[in-house]
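Colleague: Hi! Could you walk me through this structure, step by step, and tell me how each answer is reached?

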Amino acid sequence: KKIEMISRDDAGKPGDAVKIAEELVVNEKVVMVTGTFLSNIGLAVTDFALQKKVFFLAAEPLADQVVWEKGNRYTFRLRASTHMQAAMLVEEAVKAKKWATIAPNYAYGQDAVKSFEALLKKAQPDVEFVVKQWPALGRIDAGAEVQAILAAKPDAIYNVTFGGDLAKFVKEGAARGLFKDRTVVSLLTGEPEYADPIGADMPEGWIVT
């Protein structure tokens with residue numbers, strides 16, 4: 001059968017995403033909704049899918065809630081969740097005892113830190129999380145975040161930032177020696193769309209998904 005794709009921009013706003021999904025289903029008579037990028041957008045459309053009983057294929061949102069706590073029979077996800085990606089990194093992370101975390105302060109970051117902490121404590125009960133930094137998505141004050149992590153003197157860092165926030169964190173961290181002699185495990189950073197823009201500034205030795 002021929003497939004017609006109708007595309008809309010949610011502008012990174014959950015309310016806009018739900019309005020658009022409503023318009024696509026009611027006016028355009030679409031038989032499925034797909035896409036969304038940020039996890040808070042994905043969660044909003046997940047709830048919409050349940051209310052309207054329409055198939056939703058979540059392309060990018062990684063928060064575990066999308067298919068667990070707030071999941072429903074109409075929502076499916078393409079990618080490995082924050083829990084599964086954290087599990088990939090824990091296998092290498094058990095070598096360090098004192099940890100710092102830095103993650104964007106919304107569903108994706110919160111779920112990613114929650115899963116990593118639980119999995120690492122299960123694998124290594126004496127592990128300690130000495131500082132957790134929660135920059136606002138897209139508004140990271142990288143210098144302040146790096147200084148806060150340095151002050152806590154962790155052995156290792158769990159990074160969940162991505163995109164522009166990741167680039168700023170890498171730049172400030174490298175300039176202030178944050179990554180020297182420290183293990184860094186990092187969600188998403190190995191993916192080309194996030195690694196390529198950093199280019200030659202990418203620190204060596206990070207363990208990434």
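**Backbone, cavities and rings**

Modeller: Happy to. K53 has a relative accessible area of 60%, so K53 counts as exposed. Please keep in mind that the model is predicted.

Colleague: Where does K53 lie, and what is its phi?

Modeller: K53 lies in the loop between α2 and β2 (55-58). Most residues other than glycine have a negative phi. K53 is not a glycine, yet its phi is positive, near 55°.

Colleague: Is L188, which has a positive phi too, buried or exposed?

Modeller: L188 is found in the loop between β7 and α7, and its phi is about 75° although it is not a glycine. The relative accessible area of L188 is 4%. Buried means under 20%, so with 4% L188 is buried.

Colleague: How many cavities of 30 Å³ or more does a search of the whole structure find, and what is the volume of the largest cavity?

Modeller: The search of the whole structure finds one cavity of 30 Å³ or more. L188 is one of the residues that line the largest cavity, and its lining also includes F37, E60, Y106, Y108, F162 and Y194. The lining divides into nine nonpolar residues, one polar and one charged. The volume of the largest cavity is about 70 Å³.

Colleague: Which residues form one aromatic cluster with F37 and F162?

Modeller: By the pairing rule, the count comes to 10 aromatic pairs. F37 and F162 belong to one aromatic cluster, and the other members are Y106, Y108 and Y194.

Colleague: Is the pair of Y106 and Y108 stacked or tilted?

Modeller: A pair of aromatic rings is described by the distance of the centres and the angle of the planes. For Y106 and Y108 the centres are 6.0 Å apart and the planes make an angle of 50°. Y106 is buried, and Y108 is buried as well. Planes under 30 degrees apart count as stacked and those over 60 as edge-to-face, so at 50° the pair is tilted.

Colleague: Which charged residue lies over the face of Y74, and which over the face of F129?

Modeller: A charge sits over a ring only if it is within 6 Å of the ring centre. Over the face of Y74, at 5.8 Å from the ring centre, lies R73. Over the face of F129, at 5.7 Å from the ring centre, lies K132.

Colleague: Is T189 buried or exposed?

Modeller: T189 is found in the loop between β7 (183-186) and α7 (192-195). Leaving aside its neighbours within four places in sequence, T189 is in contact with residues including N159, L166, Y194 and W206. Its relative accessibility is 1%, so T189 counts as buried.

Colleague: How many residues apart in sequence are T189 and V26, and how many Å apart in space?

Modeller: In sequence, T189 and V26 are 163 residues apart. In space, C-alpha to C-alpha, the value is 38 Å.

Colleague: And the largest pocket: which residues lie nearest its centre?

Modeller: The largest pocket has a volume of about 580 Å³. The elements that give two or more residues to its lining are α1 (14-26), β1 (32-35) and α2 (39-52). The lining divides into 13 nonpolar residues, four polar and six charged. Of the 23 residues that line the largest pocket, those nearest its centre are I6, L24, M32, V33 and T34.

Notes: Residues are numbered from 1 along each chain as its sequence is written. This is a predicted model: local features need pLDDT of at least 70, side-chain atom pairs count only at pLDDT 80 or more; totals for chains, interfaces and linings use all residues. Side-chain values use heavy atoms; hydrogens and water are left out. On a 1 Å grid over the protein atoms alone, a cavity is a set of points where a 1.4 Å probe fits but cannot get out, and a pocket is an open set with protein on both sides within 12 Å along at least five of seven lines; lining residues have an atom within 4 Å of a point. Grid points are joined across faces, edges and corners, and a volume is the space filled by probe spheres set on the points. Helices (H or I, at least four residues) and strands (E, at least two) are DSSP runs, numbered from the N terminus. Ala, Val, Leu, Ile, Met, Phe, Trp, Tyr, Cys and Pro count as nonpolar, Asp, Glu, Lys and Arg as charged, and the others, Gly among them, as polar. Rings of Phe, Tyr and Trp (its six-membered ring) pair if their centres lie within 6.5 Å; planes under 30 degrees apart count as stacked, over 60 as edge-to-face and the rest as tilted. Buried means under 20% relative accessible area, exposed over 50%, partly exposed in between (1.4 Å probe, protein chains only). A charge sits over a ring if NZ of Lys or CZ of Arg is within 6 Å of the ring centre and within 35 degrees of the ring normal. Contact means heavy atoms within 4.5 Å.
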